[in-house]
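Here are my notes on this model, point by point. Please keep the structure open while reading.

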Amino acid sequence: MPSMATQNFRTSNGNFQNEAKFDPTRRQKIKEQRKSLPIAAVEKRLVEEVKNNDTLIIVGETGSGKTTQLPQYLYYGGFCREGGVIGITQPRRVAAVSVAKRVAEECGVAVGQKVGYAIRFEDVTSSSTMIKYMTDGLLLREALLDPYLSKYSVIIVDEAHERTVHTDVLLGLLKSVKEKRSKFANKALNINNANSLKNGLQEVAEHDGPGSTFLKPCHGKRLSPLKLIIMSASLDARGFSEYFGGARAVHIQGRQYPVDLLYTLQPETDYVDAALITIFQIHLEERDGDILVFLTGQEEIESVERLIHERLRQLPEGNRKLLTCPIFSSLPSEKQNKVFRLAPPGVRKVILATNIAETSVTIPGIRYVIDPGVVKARTYDPDTGIESLDIVKTSKAQALQRSGRAGREAPGKCYRLYPESEFGKFEDSTTPEIKRCDLSNVILVLKALGIDDIAGFDFIDKPNRISIIRSLESLFLLGALAEDGKLTDPIGQQMAKLPLEPVFSKALILASQFNCLEEMLIVIAMLSVESIFYAPREKLEESRTALKCFSSPEGDHLTLINVYRASVEFLEKSRLTNNNEKAEKNLRTWCKENFINSRSLSHARDVHSQIKRNVEQMGLKITSCGDDMLVFRRCLAASFFLNAALKQPDGAYRILSSDLTVQIHPSSVLFRSKPECIIFDRLVRTNNSYIRNICRVDYLWLPELAPQCYGLSE
Ligand code: CDP
Ligand code: MG
């Protein structure tokens, strides 16, 4: 009997055969939902368009089904037939994870099998994964190992309108990968043995000139041309089309109900408070429907969540049926499902989201949107070379997307927490991130890809030349680049391998020389998550007392180490007498008692084990400095010297590398003691310029440990 090839067929009812069966009523419901999506009407046409065009731009309103459906259509359309994978990039981790889970469910498979996802520090794919969701940054890193991205037959760059810095770099990279792959595919047609196939590839690499990397196609498979699809929710596809040489653009007709826009009469001084009032006003006065509130970050979301619960307790029993669902980038994946699940009958859901809910994820059931008109954005000042996270006004395009979320299933209302006259002052669209961020991370990746001429790289929007020079300069000062602009060996090469900000990578590499890598791993993991501590307004004193048990007079980094170690010790002890689940539960209680954010801590533990694996693979020695924290602080100074600041007579601080004046954030353990000289991790701007995560250092260490920056001649 001839052996059967393993191939998945589509049955007449649209399900995969031979795969896990799910609750039949839910499956039926999902099937109906899928059929009713606007994109379902054009399935055949879309597959034809992809067949006929090597680059295609697809524009469609949020919720029309682009992200969840198109990859499935292409899968059934035969684009994985020769083993090629369909890759879909997302700017945000949460979107990659939640969409992959949804699509796996639609296909009736477990996530990680045919449908999987990969984000930094989490890879849920297997050799059978054919539809792979990932962050744009992750695909960029994959290109370091496989410059032709040879395992993909189709790459879909989703949410391209967001124009994150990774999306922009990816577009440039994919443009050249696509050209190379079609060149190679043409060559391969004329050759018929393995050896000449290899020569063909070599020829393409040589043709591309110095700097191009020769690599064998993955799994010994032939390289086929790459299909590239750019998806966007903004209606203007011209920019993308022009960039890809007049590529074809198709529009998917969306469905949108009218949305009533309501503005405040006066500007609000406290948008968090205004949002809270509006939430309760809707809850008590308006008919059924869930509320979506746009906030700026995890810390703010969690504080609003607590305030809602507090105010609910003051309401009569019958009015308390309000369910809060936070959603932000670093929300652990197992907690995300709650957002997408319908609330029980009679209960209203209030979703507290960052701008992730603007276009990246579509949450069913929303009828009311509350939009304070602000967003947290990266901002880079090329004059000072300092990047910060600022709360800035949204653009008109963003405000429009946000209000649109209220009218997907029925007519809705959008409460804009600013006067109508303000709206007129917003920018039309958001400036691409590449024009307002520190480029050193991107430059490091490009250099590692063999692209040395950064200014000459084919960006869709060129970054500011001064920003490029500034970032090159800081990479040079960190020792990642040599004077000729090439990556140094081994420092630069090693730094490019770590999926971290360059200064974090440098700190880990240095720590192995200072014999404090164990401590540095903890600190980098803790700094990679948002807000380990929380200090609710109503319990400020209690939380301060709790913090005292961990706080170190040397600063926040050492305090973070104390917290991490105390939590590990608690968990280990608890495991002696409890099973794992119970021990984890106990840890959450311990966190609550100590005003530690258990979500953030658990995320930090994951990040810790991932980067520990990374540095072990690189062969770095993991040793501890024991109680000698002086060594550790010196190592911090040697790595974060670009973020060194000196106290001024008025108690403010001056950043040495930029002359910028900043304040210590009140959450820092050094807020009161104000040492003479410090290093910090980041700058956050609201009304004030605050620095966060601060460590005391000795002024004299700077010329000693970073002479390249603070040489005595200066
Ligand atoms: O990408 P686009 O905005 O065009 O739409 P999508 O993300 O593919 O969403 C299509 C539909 O799937 C929407 O109606 C969502 O409500 C639904 N969906 C869901 O129920 N759960 C998810 N985790 C993701 C999408
Ligand atoms: Mg989408």
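1. The protein chain splits into domain 1 (42–252), domain 2 (259–430), domain 3 (434–497) and domain 4 (504–708). Bear in mind that this is a predicted model.

2. Look at domain 2 and domain 3. Their centres, taken over C-alpha atoms, are 37 Å apart. The two domains do touch: six residues of domain 2 are in contact with eight residues of domain 3.

3. Which strand gives the most to the side of domain 2 that touches domain 3? That is strand β14 (residues 374–381), with three residues. By class, this side of domain 2 has two nonpolar, two polar and two charged residues.

4. Now the ligand. Ligand 1 is surrounded by 16 residues. The closest are Lys66, Thr67, Thr68, Arg102 and Thr362. Two elements, α3 (66–79) and α4 (93–107), each give two or more residues to the shell around ligand 1. The largest share belongs to α3, with four residues.

5. What is the make-up of that shell, by class? Around ligand 1, ten residues are polar, four are nonpolar and two are charged.

6. Where does ligand 1 lie relative to the domains? Domain 1 (42–252) gives residues to the shell, and domain 2 (259–430) does too, so ligand 1 lies between them.

Note on methods: Residues numbered from 1 in each chain as written. Chains lettered and ligands numbered in written order. Predicted model: local features only at pLDDT ≥ 70, side-chain atom pairs only at ≥ 80, totals over all residues. Near = placed C-beta within 6 Å. Nonpolar A, V, L, I, M, F, W, Y, C, P; charged D, E, K, R; others polar. Domains from an automatic or database assignment. Contact = placed C-beta atoms within 7 Å.
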